[in-house]
Amino acid sequence: MLDAMDQAEIARLKAEAARAKADAARAEAEAAQAALAAALARLDSVTPSSEATPSADVPDQDVEPVDPAAQVADEPGQEVNDDAPNEPAVEPVVEDAPTQAVPRDFPAPEAPAAVDEPTAAQEVHADDAGELSEYATQVKAGYSVEKSMQIGVLIEDDAPVPGVPITLPLAMMNRHGLVAGATGTGKTRTLQLLAEGLSANGVPVFLTDMKGDLTGIAEEGTPNEGLLKRCAEQGQAWEARSFPTEFFTLGGRGSGIPIRTSVTEFGPLLLARVLDLNDTQESALALIFHWADEQGLALIDLNDLRSVVSFLTEQGKDELKSLGGIAPATSGVILREIAVLQSDGGDEFFGEPAFDPMNFMRYVDGSGVISTLELPELAQNPRLFSTFIMWLLAELFEILPEVGDVEKPKLVFFFDEAHLLFKNASTAFLDAIIQTVRLIRSKGIGIFFVTQTPKDVPGDVLAQLGSKVQHALRAHTPNDQKALRETVKTFPNSPLDLEEVLPNLGTGEALVTVLDSKGRPSPVAPTRLWAPAANMGPASEQRVQQIISSSQFAGKYEEKIDPISATELLEERIVEEQAAAERAEIEAAEAKAQEARAKAAEKEAEKMRKEAERTAQREQTQASRRRDSVMDTFLKSGARTLGREISRTFFGTRRR
């Protein structure tokens, strides 16, 4: 037991430590205040008025009110000054077409070095490393990776800690990831932040844009007081920036370069998913594709598929007997589902010219191009949209060569509303997704699924995801609480009470864990995410149209063409078969007539033969009768003569 002197010494040391910590806190506060003052001074020099009017974004569902400064990293509309111009005064990005195309071996140009230099605010806290908590020290060590991009800083005691940066290693970005969270918690802005960071580090990005909120990546962000205050608190040296962007749309719906493909390239498995076929019908569809391929019939659009199914149901119903055949009821279901898909506008997505997914892997001045796919009518046919995205991944998997482990990925694919991909999916379709996710990383492709809860992603897929950015989950109902507990179980073991931390995260905050350079999970870090540098909202229509019209793909994919395909070839085949049938019928009739004539001639010949035989027989009979008559006459004459001679001899009447 300690004596009184020792206890007094310990108390004195504790007091000195407390004073030192208080002094450090005051120094930190003064530094932050100085940074804030400098930021506000920069703001005053940018905008003519010091008053800023935030523009609110309407959330999809009711959420708790939040501090505007905390909300800036989530909502599509930034706080802007009323007097500030709507359009950023910058020259539009003009792409140099000859340098954009990437050859098939994909040599990426030199990209800017990854952000690993400390910011000004981090330098302020560099001397405070010894005063970090034990867990903050572990987090800092776990995220200190070279060639990484910073996405935020640690949150401790409800405050950001600029001295503990949270980073994503570029070499691990092809190990896939998950961005999840309830509506209104900041998923869209996190998606934008990740896309900007990858582009800045020379990595092309493909992302789906459900509502057009991500078109603002093509425009510089607008500074405002709330934004700069938040950035000063978290040590972010924010600077407005735009990024090279390409706008695409499925089949011409919405604004962008149309993406189409042929039914043959889409394949029976994905098409069965779109048509909502059961296993038996899916097998029948695969058999139809197989037959069309053997016959050299290109299935370009849905009319081609209908023509083939109709042909195999009617004129060519015997074509598939050797392969098992297709029941009329099954072909009827397939034809009805194709008609429904066509009535929903599915014809717009199938056709030529077919889009080459390699167009996504492009660079401009060392920055990766961010390709956004607008999906404005997702609710009308979510199965079609989500399956079409899966086709893009499958095409990339087939085209790209094996590259193994790379310093940074060749392309990162962000799949928003990922739950649509797995909902009511067949076993074969899920197996295809799992295989693609498991193997495509060796092609240098990273996939990030964006959804509300990890429960939306099957366990076999979730197990392949190395990075997780989990925004707040609400726990208002028993089902919500169950989902919260299951979500917590997807994170590595942590001394933090994640069931307590996760529901209390603010907008623009998230739990983060990644894989380090050795493939080990990093400590779970409550993170204040950085604000994106581009416009956090839709870009102006003028800017969007300018990018589309100046795209190197303008004029290449807009007009849908209708080449000679299965429909035309089958029509020709049917006409030829009908003509051949008519010729065969005529030839058969002629042959039948000739046969009848031959039979008539044969019959006439037989008749004549028989008549000749009868004539000959009559003549023979008559000759015989004549011979018999002469002989009889001769005999009778001889007999009479002989009789007379005998009589004369006996009666002496013979002349002498």
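Here is a quick tour of this protein chain, from the overall picture down to single residues.

The model is predicted. Its protein chain has 20 helices and 16 strands, and buried residues make up 45% of its 656 residues.

**The whole chain**

- Take the contacts between residues at least 6 apart in sequence: 79% of them join residues at least 24 apart.
- The chain exposes about 33100 Å², and carbon and sulfur atoms supply 51% of that area.

**Helices α13 and α15**

- As a bit of background, a packed pair of helices is described by the angle between the two axes and the distance between them.
- Helix α13 covers residues 382-399 and helix α15 covers residues 427-439; their axes come within 11 Å and cross at roughly 45°.
- An angle under 35 degrees would count as roughly parallel, and 65 to 115 as roughly perpendicular; at roughly 45°, α13 and α15 are therefore oblique to each other.
- The crossing of this pair is left-handed.
- On the α13 side, the residues that meet α15 are Thr-387, Met-390, Leu-393 and Phe-397. Their partners in α15 are Phe-429, Ala-432, Ile-433, Thr-436 and Leu-439.
- Sorted by class, the residues of this contact are seven nonpolar and two polar, with no charged ones.

**Helices α11 and α12**

- Helix α11 is made of residues 302-313, and α12 spans 328-343.
- The axes of α11 and α12 come within 10 Å and cross at roughly 160°.
- The crossing of α11 with α12 is left-handed.
- From α11, the contact draws on Leu-302, Asn-303, Leu-305, Arg-306, Val-309, Ser-310 and Thr-313. From α12 come Ser-331, Ile-334, Leu-335, Ile-338, Leu-341 and Gln-342.
- By class, the α11 and α12 contact has seven nonpolar residues, five polar and one charged.

- The peptide bond from Glu-352 to Pro-353 is cis, with omega near 5°. You'll find Pro-353 in the loop that runs between α12 and β9 (363-364).
- Asp-157 isn't a glycine, yet its phi is positive, near 55°. Asp-157 sits in the loop between β3 (148-156) and β4 (159-169).
- With 76% relative accessibility, Asp-157 is over the 50% cut-off and so counts as exposed.
- Asp-276 also has a positive phi, near 60°, and belongs to the loop between α9 (268-275) and α10 (279-294).
- The relative accessible area of Asp-276 is 48%, so this residue is partly exposed.

**Ser-371 in strand β11**

- Look for Ser-371 in strand β11, which is residues 370-374. Its relative accessibility is 0%, so Ser-371 counts as buried.
- Leaving out residues up to four places away in sequence, Ser-371 touches Val-205, Phe-206, Leu-207, Glu-246, Phe-248 and Phe-360.

**Leu-439 in helix α15**

- Leu-439 lies in helix α15 and takes part in the contact with α13.
- The relative accessible area of Leu-439 is 34%, which means that it is partly exposed.
- Leu-439 and Glu-402 are 37 residues apart along the chain, and their C-alpha atoms are separated by 9.7 Å.

**Ile-447 in strand β13**

- Strand β13 runs over residues 445-451 and holds Ile-447. At 0% relative accessibility, Ile-447 counts as buried.
- In sequence, Ile-447 and Arg-175 are 272 residues apart, while in space they are 7.7 Å apart, C-alpha to C-alpha.
- Setting aside residues up to four places away in sequence, Ile-447 touches His-176, Gly-177, Leu-393, Phe-413, Val-437 and Ile-440.

Terms used: Residues numbered from 1 in each chain as written. Predicted model: local features only at pLDDT ≥ 70, side-chain atom pairs only at ≥ 80, totals over all residues. Heavy atoms only, no water. Helix = DSSP H or I, 4+ residues; strand = E, 2+ residues; numbered from the N terminus. Buried < 20%, exposed > 50% of the residue type's maximum accessible area, 1.4 Å probe, protein only. Contact = heavy atoms within 4.5 Å. Areas by Shrake-Rupley, 256 points an atom, 1.4 Å probe, with all protein chains shown as cover. Axes fitted to C-alpha atoms, helices over the stretch in contact; angles between N-to-C directions. Parallel < 35°, antiparallel > 145°, perpendicular 65-115°, else oblique. Left-handed = near helix turned anticlockwise from the far one by under 90°. Nonpolar A, V, L, I, M, F, W, Y, C, P; charged D, E, K, R; others polar.
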